[in-house]
Amino acid sequence: MNETIRTYDDLERLVKKTYASPDIESLRHAFDLADKAHAGEVRLTGHPVISHPLAVSYRLAEMGLHLNVVIAGLLHDVVEDSDVTIEDLKNAFGEDVASLVESVTKLKHGIKYRGAERYAENMRKMFLAMASDVRVVFMKFADRLHNLETLYGQPKNKQERIARESLEIYAPIAGRLGMSEFKGELEDGAFAYLQPKEYERMKNIMDIKVREKGAYVSRIIDQVEKLLGTTSATDFQVHGRIKRLFSLFKKLRKYQGDLSKIYDLIAIRIIVSDVEECYMALGLLHQKWRPVPGRIKDYIAQPKPNGYQSLHTTVFTENGEIIEFQIRTLEMHELAEFGVAAHWRYKEGSRKAVKNTRWMEELAQIQKELQTKKDFMEQLEVMKIDVFKDRIFVFTPQGNVIDLPEGATPIDFAYAIHTEVGNKCTASRINEVMRNLDTPLQSGDIVEVVTDKNRRGPNPDWLKFAKTRHARTKIKDATKRTVKGWFAEVLKGREKAKK
Ligand code: MN
C-alpha cells in the first residue's frame with residue numbers, strides 16, 4: 001500500500017467541496033489543537049504524527065460522514081498523547097465530538113490479553129462500541145486503514161499482529177456492515193503482510209490482466225456509453241472495476257487455481273438513476289451480447305442478506321471474450337461501497353430508512369447478553385453464533401426477505417415476522433408444502449406460517465430447535481408469563497381452599 005500524505009489544506013478543500021456551509025472554524029481549531037498536541041512527535045515511518053489524524057479525518061470526509069465525525073477524527077489521538085482532556089474537548093467542540101473521541105480512546109485501551117482472549121476482547125470492544133454508536137466503528141476502520149498503510153514502519157512482530165487483527169476482526173465486521181470498500185482495503189492491506197508471496201502473485205496476475213484487457217475494456221465501455229446514450233437515460237456512469245487481490249486469492253483457491261473460471265477479474269459497472277433504468281440497461285446488454293447461461297443475478301429483486309443490490313450478468317462480446325457487468329443505481333452503489341455508513345452520510349434527505357435495522361437490533365441484544373458473560377471465551381461464542389455464522393435468506397409469500405442464521409427453522413422465521421405470529425404459530429408451509437416447525441430452512445425457501453388466534457402461547461419445546469436469540473428470548477418470555485399465570489391460578493385456588 002502507498003501512503004498518501006494529506007495536509008490540512010487538502011482536508012479543508014475536501015470539506016468545503018463535500019459539505020454545504022461547513023463549520024471551518026471548528027475544523028481548523030481541531031487541527032491546531034491536534035497539531036500542538038502531537039508537536040515534535042514522529043511516527044516510525046519518519047512522518048510527523050499529525051499526518052495520521054489528518055489521514056483518518058480525510059478518509060472520514062471522503063465518506064461524507066457528518067462533520068463532527070471528521071473533527072473527531074482529527075482529535076482521536078489527542079487525549080492519549082497530551083494533557084488535553086475529554087472535558088476540554090466538550091467545552092471546545094461540544095458533547096458529540098467529545099463523546100466520539102472518548103469512545104475511540106476507550107476502544108484502544110485496556111486490551112491486555114494475548115492470543116484467543118485478545119481476539120475475543122477486541123471483538124467484544126468493537127461490538128460494544130458499535131451498539132452504542134456505530135460512527136465510532138467507522139472512525140476505528142479509518143484509523144486501522146491508515147495504520148495498515150503505514151505498517152511498513154513497524155517491527156515485524158507488530159506488523160503481523162496488526163495485519164492479523166485487521167483480517168480476522170475488522171474486515172469481517174466491515175463485511176457484515178456491508179462496507180465492502182473498507183472490507184476490501186482492510187483485507188488487501190493485511191494480505192500484503194500475512195502472505196507476501198501470494199499477494200505478489202495476485203498482483204502480477206492482475207497487472208498482466210489489466211495490461212492485456214485494458215484496451216478491450218475501454219472499447220466495451222465506449223460501446224455501452226453509446227448504447228445508453230440512445231435511450232432516455234441521461235445521468236449514467238460506466239466504468240471498469242478491478243477485482244481486489246485478497247478476493248481473487250480466495251476465489252482462486254475455490255477453483256483450485258483455475259484462472260479461466262474467474263470471469264470478474266475486470267468487470268464493468270453501470271450506474272444509472274433508477275431501478276427501471278437498471279433493467280433497461282440489462283435488456284440492452286442482452287440484446288447486443290449473448291448472456292452466459294446461469295450467470296444472470298437479480299440482487300435488486302432479491303438483495304443479499306447484507307442489503308447488497310445490483311444486477312449482475314456475464315456476456316460473450318467480440319471474439320468470444322467474456323465480461324461481467326454490474327448494474328445499479330447510485331443509491332445502491334453507495335450502499336454497496338459504504339454499507340450502513342451510507343445512512344450516516346451527510347447528504348441525507350431522500351434516503352430511505354436504514355435497511356439493516358434488524359442487524360442493529362441484534363447487536364443491541366448481543367451487547368446486553370455480553371454484559372452477563374464474564375468469560376471471554378463464552379462471549380466469543382455469543383458473538384460467533386449470531387454474527388459470523390453463515391446467514392440464509394428466505395422469503396415471505398409477499399416476497400419480503402428475512403435474514404436468518406443457518407439452521408434457522410419456521411419458528412425463527414415466525415418470530416422474525418412478529419412476536420404474535422411466533423406466539424400463535426401452529427404449522428408452517430415451506431414452498432407450499434406443510435412442514436414441521438423444526439424443519440431447517442434453506443436460502444431461497446418461501447415460508448408461510450399458519451397461526452391460530454386461540455393459541456395460548458408458544459410451546460417450551462420449541463427452545464430445542466429455535467436458533468435465533470430473538471425467537472428464544474420471546475419464547476422464554478412468553479412461557480415465563482404463562483407459567484406465572486398458571487402459578488397465580490394455583491395460588492388463587494389455594495387461597496380459595498383455605499377459605
Ligand atoms: Mn489513531
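Three strands make an open sheet in the order β10-β9-β11, with antiparallel pairing. Two strands count as paired if DSSP finds at least two bridges between them. Strands (E, at least two residues) and helices (H or I, at least four) are DSSP runs, numbered from the N terminus. The model is predicted: local features need pLDDT of at least 70, side-chain atom pairs count only at pLDDT 80 or more, and totals for chains, interfaces and linings use all residues. Residues are numbered from 1 along each chain as its sequence is written, and side-chain values use heavy atoms, with hydrogens and water left out.

- Strand β9 (residues 425-430) runs antiparallel to β10, and three bridges join them.
- Ile430 has Val433 in β10 as its bridge partner.

**Ala427 in the sheet**

- Ala427 lies in strand β9.
- Ala427 has a relative accessible area of 16%, so it counts as buried. Buried means under 20% relative accessible area, exposed over 50%, and partly exposed in between (1.4 Å probe, protein chains only).
- Leaving aside residues up to four places away in sequence, Ala427 touches Met434, Leu437, Glu448, Val449 and Val450. A contact means heavy atoms within 4.5 Å.
- Ala427 and Thr451 are 24 residues apart along the chain, and their C-alpha atoms are separated by 7.0 Å.

**Manganese site**

- His52 (NE2), His76 (NE2), Asp77 (OD) and Asp143 (OD) coordinate the manganese ion at 2.1 to 2.6 Å. Donors are N, O and S atoms within 2.8 Å of the metal (3.2 Å for Na, K and Ca); water is not among the atoms, so sites may look incomplete.
- Along the chain, the donors of the manganese ion follow the spacing H-x23-H-D-x65-D.
- Distant parts of the chain are linked here: His52 sits in helix α3 (residues 51-62) and Asp143 in helix α9 (residues 134-149), 91 residues apart.
- His52 counts as buried because its relative accessibility is 4%.
- Asp143 counts as buried because its relative accessibility is 5%.

**Strand β5 and its partners**

- Strand β5 (residues 311-316) is mostly covered, with five of its six residues buried.
- Strand β3 (residues 290-291) runs antiparallel to β5, joined by two bridges. Arg290 stands opposite Phe316 in β5.
- Strand β4 (residues 297-298) pairs with β5 in the antiparallel sense, again over two bridges. Here Asp298 stands opposite Leu311 in β5.
- Strand β6 (residues 322-329) pairs with β5 in the antiparallel sense over six bridges. Val315 faces Ile323 in β6.
- β5 and β6 form a hairpin with five residues between them. In the turn, Asn319 has a positive phi of about 55°.

**Covered helices**

- Helix α11 (residues 180-194) has 15 residues and should span 21 Å at 1.5 Å a residue; its end C-alpha atoms are 20 Å apart, which agrees. The expected span is 1.5 Å times one less than the number of residues.
- α11 is mostly covered, as 11 of its 15 residues are buried. Among them are Phe182, Leu186, Phe191 and Leu194, and also Glu185, Glu187 and Asp188.
- Seven of the eight residues of helix α18 (residues 410-417) are buried, so α18 is largely enclosed by the rest of the structure.
- The buried residues of α18 are Pro410, Ile411, Asp412, Phe413, Ala414, Tyr415 and Ala416.

**Whole chain and confidence**

- The chain has 20 helices and 11 strands.
- Of its 499 residues, 48% count as buried.
- Among contacts between residues at least 6 apart in sequence, 65% join residues at least 24 apart.
- The mean pLDDT of the chain is 83, and 79% of its residues reach 70 or more. pLDDT is the predictor's confidence in each residue, from 0 to 100.
- Over residues 347-358 pLDDT stays under 50, and the model has 17 contacts for this stretch beyond four places in sequence.
- Residues 384-389 also have pLDDT below 50, with 16 contacts in the model beyond near neighbours in sequence.
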